Amino acid sequence: MPSLPETLFLDRLATPIGELLLVADAQGRLCLLEFGDKPERWRPAFARRFGALTERRDPSGLASALARYFDGDLGAVDALATGPAGTPFQHAVWTTLRKIPAGTTTSYGALAKALGKPAATRAVGLANGANPIAIVVPCHRVLGGNGSLTGYGGGLERKRWLLDHERKHA
């Protein structure tokens, strides 16, 4: 297990879909982005990964970039550096998720094929569900094989809102 970073910064951002919690490391990489009202998702991650957090407004411009995303500048989050903890397979899935253009969607099966592992649909779904960086790593752009909305850690209403927002501004 890697050692914990020495300095991490926490910020909160009010958005149309609820408060977001952002955790950045000293290099300015986004390590965690979760919904403030979903403690069952973020508290275990906080406990496992983070030591003491220092509250800081807009670490490395991350909150500003997210605010621009919610104002309709969807590309504002595309170049943000991320530093999530995960397995090599999870990182491969999360990297592939960031290649899905805003305003479009894909399926778990198509994502597995894009990774060169067409039989790994279930594993891709699990990695998608373990994504610790909502919105910036756009797991909300993945739908069921029949095009239906499927699980989302922030809730299906938020997933629907994000997809509608991106279709409107893409």
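A residue is called buried under 20% relative accessible area, exposed over 50% and partly exposed in between, using a 1.4 Å probe and protein chains only. By that rule Glu34 is buried, at 3% relative accessibility. The model is predicted, so local features need pLDDT of at least 70 and side-chain atom pairs count only at pLDDT 80 or more, while totals for chains, interfaces and linings use all residues. Residues are numbered from 1 along each chain as its sequence is written, and side-chain values use heavy atoms, with hydrogens and water left out.

- Glu34 sits in strand β3, residues 30-35; helices (H or I, at least four residues) and strands (E, at least two) are DSSP runs numbered from the N terminus.
- Beyond four places in sequence, Glu34 touches Glu19, Leu20, Leu21, Arg41, Trp42, Asn131 and Pro132, where contact means heavy atoms within 4.5 Å.
- There is one cavity of 30 Å³ or more; a cavity is a set of points on a 1 Å grid over the protein atoms alone where a 1.4 Å probe fits but cannot get out, and lining residues have an atom within 4 Å of a point.
- The largest cavity holds about 40 Å³, a volume being the space filled by probe spheres set on grid points that are joined across faces, edges and corners.
- Its lining consists of Glu34, Phe35, Arg41, Asn131, Ala134, Cys139, Tyr152, Gly153 and Gly154.
- Four of the lining residues are nonpolar, three polar and two charged; Ala, Val, Leu, Ile, Met, Phe, Trp, Tyr, Cys and Pro count as nonpolar, Asp, Glu, Lys and Arg as charged, and the others, Gly among them, as polar.

- Leu66, in helix α2 (residues 62-70), is buried at 0% relative accessibility.
- Leu66 and Val77 are 11 residues apart in sequence, with their C-alpha atoms 6.3 Å apart.
- Outside four places in sequence, Leu66 contacts Leu13, Leu22, Leu33, Val77, Ile135 and Val136.
- In helix α3 (residues 88-97), the buried residues are Gln90, Val93, Trp94, Thr96 and Leu97.
- Viewed down the α3 axis, these fall within an arc of 160°, so they line one face of the helix; the arc is that of the directions from the helix axis to the C-beta atoms.
- The cover over them includes α4 (108-114), α5 (121-129) and β6 (142-143).

**Cysteines**
- The structure has zero disulfides, a disulfide being a pair of cysteine sulfur atoms within 2.5 Å.
- For Cys31, the nearest cysteine sulfur is that of Cys139, 17 Å away, too far for a bond.
- Cys31 is buried at 1% relative accessible area, and Cys139 is buried at 8%.

Notes:
1 Å grid on protein atoms, 1.4 Å probe; cavity = no way out; pocket = protein on both sides within 12 Å on 5 of 7 lines; lining within 4 Å.
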